[in-house]
Amino acid sequence: MSLAMKALQKEAGKCADEIKKQKSIHVVSHIDADGLTSAGIICTALERGKFEYTTRFVKQLDEKVLDAIADENHDTVIFTDLGSGMCELIKSRGINAVISDHHQPQGNIQFHINPHLFGANGSYELSGSGSTYLLGLALGKNNDLSPLAIVGAVGDMQHLKMGHLIGINREILEAGVKKKILQFKKDLTLFGKQTRPIYKLFQYASDPYLPGLTGNEEACIEFLHSLNIRFSKDERWRLWIDLEIPEKQKIVSGLIQYCLKSGIPSYKIERLIGEVYVLLKEREGTEMRDASEFSTLLNATARYDHAEIGLSVCMGNREKAYEFARKLLAEHRQNLVNGLMYVKEKGVIQLENIQYFDVGSEIKETIVGIIAGMSSILVENRNLPIIAFAKADEGVKVSGRATQDLLRRGVNLAEAMSVVSAEVGGVGGGHDIAAGATIPKSTTEEFTQKLDMFIGEQLRKKAHST
Ligand code: C5P
Ligand code: C5P
Ligand code: ZN
């Protein structure tokens with residue numbers, strides 16, 4: 001066991017002892033896949049321990065939300081997948097808090113499980129659900145919940161940095177493999193292997209982008225024809241998991257040939273194959289069987305004000321809640337397609353160091369970050385970070401997405417969002433590769449110019465230092 005894991009477990013033990021003293025517990029979590037899996041873990045652990053609890057899901061923690069929580073006078077509030085950036089504001093309201101998170105901490109607080117505090121990196125070595133899994137272990141015999149910790153990490157894309165999970169995430173994964181509830185294997189990394197017709201995998205490929213295939217349904221079908229792959233059976237589209245191994249090999253080598261011919265650099269082609277995570281206790285052909293598809297199913301609930309549905313699925317409901325979640329998923333996919341079409345029509349504006357688009361109120365602010373990530377399949381120049389703006393209740397929501405290549409060249413979106421949003425009177429933060437902010441309504445123009453300059457500076461600094 002790593003030192004960081006040991007130290008985190010010790011801290012989790014302290015937090016669990018505190019929780020055990022309390023009667024009324026309130027769980028506050030984030031409305032994305034990592035937030036829902038975190039809540040799924042802690043709520044299951046609390047239920048098993050016969051604790052009384054209530055839940056609350058928020059887009060982000062701000063002073064208004066903290067005031068409302070403080071007014072409710074809970075014995076203890078467990079913050080999962082958020083809270084670390086708000087230690088002082090939580091303390092100043094007299095909230096008895098346990099924080100289980102992985103965002104960059106600001107200030108300090110007594111009961112606080114966060115990898116950054118114990119020498120591990122919270123953007124790729126442990127997620128919010130991973131921290132919360134350690135808390136769950138300290139509360140009782142909950143080691144059957146590790147698959148949720150892996151789904152949360154994959155939902156936050158923590159496996160993308162190295163092409164596989166590392167650090168404490170890996171330790172959790174390996175314990176789950178030993179217990180025969182998790183499996184990792186090398187496979188095609190494209191999305192939808194459990195549930196989508198094979199050609200859709202190429203049509204929606206964004207990393208790497210497949211020129212001529214991405215976004216072009218007919219070409220994808222033709223590509224499979226040219227490889228002699230039978231792609232329907234009994235009038236049903238075949239899925240990736242339905243294919244025989246030689247068929248999979250044929251497609252993978254066909255794809256690699258295709259990429260080489262299209263001049264895609266080999267380090268990008270390598271990303272077609274990577275580690276994928278299988279939840280062995282889930283039924284094959286369902287979203288929950290694959291960590292990546294499970295996380296998308298969850299995003300389709302909480303980001304549309306139905307966090308209770310996602311939470312229920314995380315806690316094992318495979319009937320009504322799952323059925324509803326699948327409906328929401330179909331709508332979510334449609335919204336993503338519509339969102340992408342909207343961006344394609346309206347176009348993306350290029351500045352010197354960033355490119356951006358503004359969706360106004362056409363796309364929900366809770367999914368504009370996902371659209372920003374996916375819009376890399378549309379833009380001509382993938383060497384500029386993509387910034388998206390959407391109308392929000394209180395101002396303008398900003399979402400930024402970079403690439404590994406841009407990080408290597410010096411870009412850090414978390415730093416840029418945090419500094420530049422503060423300059424125009426907003427708040428922001430996140431991770432180097434994916435960050436967000438909320439800024440006052442009339443400051444978009446100023447923010448955009450300043451962000452362009454700030455990122456230009458990050459690139460110049462790095463270029464000079466190497
Ligand atoms: O708030 P939180 O940390 O949970 O969100 C992380 C966000 O960063 C997710 O929306 C995830 O999709 C995004 N991300 C990304 N690419 C990466 C890593 C993270 O878009 N390589
Ligand atoms: O909302 P979006 O998916 O673009 O968020 C990307 C990352 O930025 C997430 O980790 C989120 O928690 C973080 N973020 C933040 N402050 C904000 C908005 C987003 O730290 N105001
Ligand atoms: Zn998270």
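## Basis

The model is predicted, with local features requiring pLDDT of at least 70 and side-chain atom pairs counting only at pLDDT 80 or more, while totals for chains, interfaces and linings use all residues. Residues are numbered from 1 along each chain as its sequence is written, chains are lettered from A and ligands numbered from 1 in the order in which they are written, and side-chain values use heavy atoms, with hydrogens and water left out.

## Ligand 1

Ligand 1 has 13 residues around it, of which D32, H103, D156, H431 and A434 come nearest; a residue counts as near if one of its heavy atoms lies within 4 Å. Polar contacts are pairs of N or O atoms within 3.5 Å; within protein, one atom must be able to donate a hydrogen and the other to accept it, and residues adjacent in sequence count only if both atoms are side-chain atoms.

The side chain of D32 places an N or O atom 2.8 Å from an oxygen atom of ligand 1. For the side chain of D156 the distance to a ligand 1 oxygen atom is 2.8 Å, and for the side chain of R401 it is 3.3 Å. On its own, ligand 1 exposes 480 Å², and the protein buries 84% of that. Accessible areas come from the Shrake-Rupley method with a 1.4 Å probe; for residues, only the protein chains shown count as cover.

## Ligand 2

Around ligand 2 there are 17 residues, and K397, S399, R401, G429 and G436 come nearest. Strands β13 (395-401), β14 (427-430) and β15 (434-439) each supply at least two residues of the shell. The largest contribution is that of β15, with five residues. Strands (E, at least two residues) and helices (H or I, at least four) are DSSP runs, numbered from the N terminus.

Polar contacts to ligand 2 oxygen atoms include a backbone N or O atom of G430 at 3.3 Å, an N or O atom in the side chain of H431 at 3.4 Å, and a polar backbone atom of G436 at 3.1 Å. The protein covers 79% of the 460 Å² of accessible area that ligand 2 has on its own.

## Helix α18

Helix α18 (444-465) has 22 residues and reaches 32 Å from its first C-alpha to its last, close to the expected 32 Å, which is 1.5 Å times one less than its number of residues. Its buried residues (under 20% relative accessible area; exposed is over 50%, partly exposed in between, with a 1.4 Å probe and protein chains only) are T444, F447, T448, L451, D452, I455, G456, Q458 and L459. They cover an arc of only 165 degrees around the axis, which puts them on the same side of α18; the arc is that of the directions from the helix axis to the C-beta atoms.

E445, M453, K461, H464 and S465 are exposed on the other side of α18. The cover over the buried residues includes β11 (355-358), β12 (386-392), β13, α17 (413-423) and β15, where contact means heavy atoms within 4.5 Å.

## Helix α3

In helix α3 (63-71), V65, L66 and I69 are the buried residues. Their arc around the axis is only 100 degrees, which puts them on the same side of α3. On the other side, K64 and D71 are exposed.

The buried residues of α3 pack against β1 (24-30), β2 (52-58), β3 (76-80) and α4 (87-92). N73 follows α3 and has a positive phi, near 55 degrees.

## Loop residue H159

H159 lies in the loop between α6 (146-155) and α7 (167-178). The residue is buried, with a relative accessible area of 14%. Neighbours within four places in sequence aside, H159 is in contact with V154, H164, L165 and Y277.
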